[in-house]
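Hello,

Here is the structure I said I would pass on. My notes follow below it.

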Amino acid sequence: MVEKTKLDPITFEILRHRLEEIVAESYYTLARVSGNAVITEAGDHEESIMNAMGDTVMVGGGIVEWTGCLEDAARYISQEYEDNPGIHEGDQFIMNDTGIAAVHHMDIQVLKPVFWEGKRVAWLNCAGHMMDVGGMQESGFVFGATERIQEGLCMKGVKICEKGKIRRDIEDTLKYMTRQPDLFMLEIGARIAANNAAATRLLQTIEEFGIDKVLAIFEELPEYSEKLIRAKLRTLPDGVFRATHHFESIREDEGYLTVKCALIKEGDSITLDFTGSSPQSKGSQNVALPGARSNAECPFLMMLGYDIPWNYGLWGVINWVLPEGSIVNPSPLAPVSTNTPAGAGYVMIGTVTDCISQMYLCSDRTEEAYANGGNAFHNPNMYGTGKRGEFFITMMMELMICGGGALAYRDGDNTCSNLWTTKPQVTNIERAEEHFPWLYLWRKEAMDTGGPGQYRGGTGCTNAIISYGIGEMGVHDMGLGMEPRLANGLAGGYPAPNVKQIVYRGANLKGMFENGQLPRTPDDIPGHREVKPLLHSFTLNPEDAYVIYFGGGGGYGDPLQRDPEAVVKDIHQEYVSFEEAKRTYGVIVDPDTQQVNWEETRNLRQEMIQERLTLGKRE
Amino acid sequence: MITWGNIRIEKAAKKGQEEVYSCVQCEHVLGPTTEDWKKYALVNKAPLSKAQPLHLATHSGRFALREFYCPNCGTMFEVQMLATEEPNVETFKLL
Amino acid sequence: MRLRIGIDTGGTFTDMVVIDEHGKVTTSKSLCTPHDYTICVEACLEIAAEKLGITVEEMLNQTVSFAYGTTIGTNAIATRTGAKTGMLTTSGCRDVLHIARGLTRWSGLPESDTKHMAATVKPEALIPKELTREITERIDSTGQVVCGLDEEEVKQACKELVEQGVESIAICFLWSFRNPEHEERAQEILTNLYPNIYSSTSHQVIPLEGEYERFITTVLDNYVGPKTKNYTTLLSSHLKRMGLKVSLLLMQADGGIAYADTVQPVASVHSGPAGGVLGAQTIGKLLNYKDIISTDVGGTTFDVSIITNHEVTYSREPRIEKFNTLYPTLDIISIGAGGGSIVWTNPDMKSLHVGPQSAGSSPGPACYGVGGTAPTVTDACMVLGYLNPHSLNGGRMRLYKEKAHEAFQEVADVLGMDVVEVAYGAYEIITAKMSDLIVGMTVRKGLNISDYILLAFGGGGAMHVARMGTMLGAKKVMVPASASVYSAMGLATSPIVHTYQKYDYQMLPITADTLNRNLGELDRKINADFERDGIPEKDRQISFYADMKYSLQINAVTLEIPRKKVYTEEDAAKLADLFDTAYAKMYGEGSGYPAAGRAVVSFMAKGKGEIYPFKLSASVSEHVDASQALSGQRQAYFKDTGFVNTNIYSYERLKSGNKVEGPAIIEAEDTTMLIPPKFVAEVDAYRNVVIEALV
């Protein structure tokens, strides 16, 4: 028996930092090489280092929602393909099977085994969203799917690289099965490059410190993370914290769907129990088990694990209850493509965020709690003939800049939040117009879209575009929260308002432009007004205009306790209207002086309290 | 002493006393912590159009905003969007 | 005698260098006077003139170039005391600064901080919505006018903003870099109505795509513009009265200098750190090191920049605070690691960490004895015997060794290790973090570290640089004679730099005409600038670049295009190969996808004009023996030896040519240099200390 190497605290810290750098290397390489705006501008990717068996040792902070899936992929390949087709030096594998390791089929992972002296010592995974994976519908989001097999390309860990070279047969197959073959292969190349960059630095590290020490950090780092999370859990109150979120089903016959979450925290143990969630849906908003866990881990990492290295030791402490046959653990045949962002996967993130916030609110660390934000949004996937005559498909990225939820001591941040990622950003208007055939009328912060509260939820945005190319443009909208209000508030704060999308048929704005007029609000736009439902496909003609309201963040605390001066400041910055100031905050602002009318405000707030005491009933 | 928003959880001062919820604003005692505090609060089911601009609101009636108030001072403890008829959700229960 | 003067205002001191035509260098230094910087400038001038034995007037009379680095703009932004600024923008774009692409919440934060969502806050926009006016006008991505400019609206908006008390107005329209007509006309209207209101337009400040970055850059220009202009005008007239015959030159963030009246105010923001890089570049030119990694260990941060083939690199994502900008800025990467970085442990885990929290200068390291009790990197260096146990800064600052020991005792007890082991561990950890940063920066640029010399500026760097060199596999490291003086010397010796960019997105193959038209235009602009500057053609050096990418990829590679008067179709055809090679070098073979097509995004021209060639006088000496500088011995700790008796040398008494074998410590007024065992240090002709491993 060889004695196990135990690292001294100095080598441990140096190697821990080195692993962070190796993952960062991979992150930057993908971001720089990729040609997909969802990756380069929305950060929809993530990279990790895993041990030889596929357990995550270190993961970067990209799209946090997929963290768990990365190791599911490496574990699967390690277990299934060791003998046939074999795992060798110079190989890389492609994986996007939602039943094994992906949130939806668009999330394509490429995995590289790393060898030292002929023996596999690690896996690297680089994963990112693709704009198309073939199947029934452009974009990979398949609204009409009733079976998973309709949702396009599904690779179960196929060897795409052999002896360092991309296999021609696989490349040709992939290109045949997807709608943007060139972009698809560019993205695969980017992942391969990212893995190679990380592998080079990992091998240098092994050379520098010796394989024993590197294998030791692979083992000790997850132990370290587990100890830290358990220690943190012990400082938080024991209890059961619950959230119920309802959202529209893509299937009209199902009405609405529900995710229920209970977080049970006792000592240093934590259970996430989704009992009571809807039974499996007939439509594509189900989330398969790997994606369900991975989504639910997202707020766990951001809210509880932000100061702990991210690896299986950290999330391994979670006990799961995901009822079989439910919307969060459906049969292997059930369609799942829209679970993120417009289905059960994304909604799970919101419920777990709520539960963790409730736990923090009961602790002495209330500053860590925040209301939900960005749970409701539209995410149009646009496709058609591009500006240079090519087929294009892209996402409108404004869902990345929803309003953030309010905190227990301050307002939520305006137009900069999304549940998936710690680093959201939206494409410039000019970048979008350079590459895609539309013209923006506006992109603004939308008044009154932050959930009211003592601390206001962050404001969402609104935009408007016209088609500005050679022909018509197709739209597959992904969205949530047109009827239910999903970004709910905390401790007396209201949920953020609903979202909406409106098409103005025959607006024919080009005529207006020629007369020197540019619409600045929806009221300025002529034409026949059509409110479009969520998860809906439609065509945008050259003479149409398209207006969207994206989601805000939930509020915190009773809005009648909001400082009236803060409401006035919000009016000046057009975050809140005079009407809502009065109707929801009970604040009367003198239209001439633009200052608080204190007496009328006091009276109105008193009246509103009286109204509550009259309307409110004991159950 | 633990507070959650405007609700305080008061531990029993003496043996034989109950642990109770009370209102942070008016100190009104809501009731023992053996039950969900929502049982002691006033509840109002408001339409979804409340507290948002009307041009964004929809009105199917499937859901409502369930508002919970202090029965003494009217402070709003919590508001949740739930299906109109479903039971309350016990947001937190300390063990 | 012709003189060149460089003056650099830093945070605490203003440094000055005068170089005469024989290369003799005279320096002076004075405390900064932030209420009126002309005072410290004057103080420096007086000291230098005295050293030269002439009057200030005589000195200024003989001066052929006078370059100045200012922090006025940087300070105005840091303290939010810039001009009250208004903005005219395209209809629908009122909130561009408020939305800020959603990224100001996390931009510029270390990765570990971005993960903590609850603690990240979006900063307020620089211009409130009340001072932003939307104007009816629209141009599309090809430069076509979609909707004409509503001139009445412009007049009305300007009137309202002026009534609201703005001092400057930024004019920021979509696609103005494609067609500047509307921005130009709006500015004309403004200037006719209100000639005293400062104003710049977005296409003029930086004609590149990306409205958020272009607008914020323009807004920053308007925000710092009035103050910067007022101050430089004041200083210019002041200097003229005192006898200066030439125009004032200003330091820019792109590492060049230019005549003050031609400098875009935003260009002077963050020019401070550029001074150091310029200093490194100067050393490189002087000693013929073409590839340099310049490091600076301060109290709280560790800054790195890379010079390749004598050329500085520009940042792909320049940033001022949390605002991503577009102005050409030197690429300086910074992490929270410095002398003040706190050493801490998690008692449950028995782990050891260093930083990123810093004790800064207040409460400061424990050994400073001014209230700090947490152990820091500086304290570690004290425990290890690297720092003089009694004083710093040539005796001006007392140190307390026992306090450093006390501070480490607690951490050592938790870990069950002894104080020295922990202190050395902390030293190793922070040095490894610094090395990791450098590796990342070089790898991402496809560079080979062993080609580079490592330079250590800043008070703390000289204690880490030899060890860092070993970790990195760098062959040579150097501690420059005096960091602050090199920055001023960089100013005194820098050429005038003009940079122009032009956006013209085109798929390859492009025609020779595209090259000739774009590069020709930039070339003419630069030459016109040099005409105005009075730089003769033979002293101009102009280089051309193109930003290129594979059409589907978002990020571009900057490729140098050999300069020609007229390009042929053959030249244009070569671009594809040049780009493929550069791309593969940067990102690895096979990472590009040529089948998707290649595109040119923008063109850039950079011109350098030599005002007056410079040289420095070197004192050559063959005296290897350094014993005259030996000032004592103390115990210092090294990895392989533990504590050993170590010679201490006084830098002031070392002579060019002296060699010092490790283990040794060289104490200078503002830095302490560590020569580990099996290393040797040599004082070069310019009194820099070069440290190399003994083979």
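The side chains of Arg456(A) and Asp570(A) form a salt bridge, with 2.8 Å from N to O; the term stands for a side-chain nitrogen of Lys or Arg within 4 Å of a carboxyl oxygen of Asp or Glu. Between domain 2 and domain 3 of chain A, the count is one salt bridge.

This is a predicted model, in which local features need pLDDT of at least 70 and side-chain atom pairs count only at pLDDT 80 or more, while totals for chains, interfaces and linings use all residues. Residues are numbered from 1 along each chain as its sequence is written, chains are lettered from A and ligands numbered from 1 in the order in which they are written, and side-chain values use heavy atoms, with hydrogens and water left out.

The domain assignment of chain A gives domain 1 (9–228), domain 2 (370–556) and domain 3 (565–615); such bounds come from an automatic or database assignment. The C-alpha centres of domains 2 and 3 of chain A are 28 Å apart. Their contact (heavy atoms within 4.5 Å) takes 10 residues from domain 2 and eight residues from domain 3. About 820 Å² is buried between these two domains, and carbon and sulfur atoms give 50% of that. Buried area is the accessible area (1.4 Å probe) that two parts lose on being put together, summed over both. Of the area that domain 2 buries against domain 3, 57% is supplied by Met447(A), Asp448(A) and Arg456(A), more than any other three residues.

Regards
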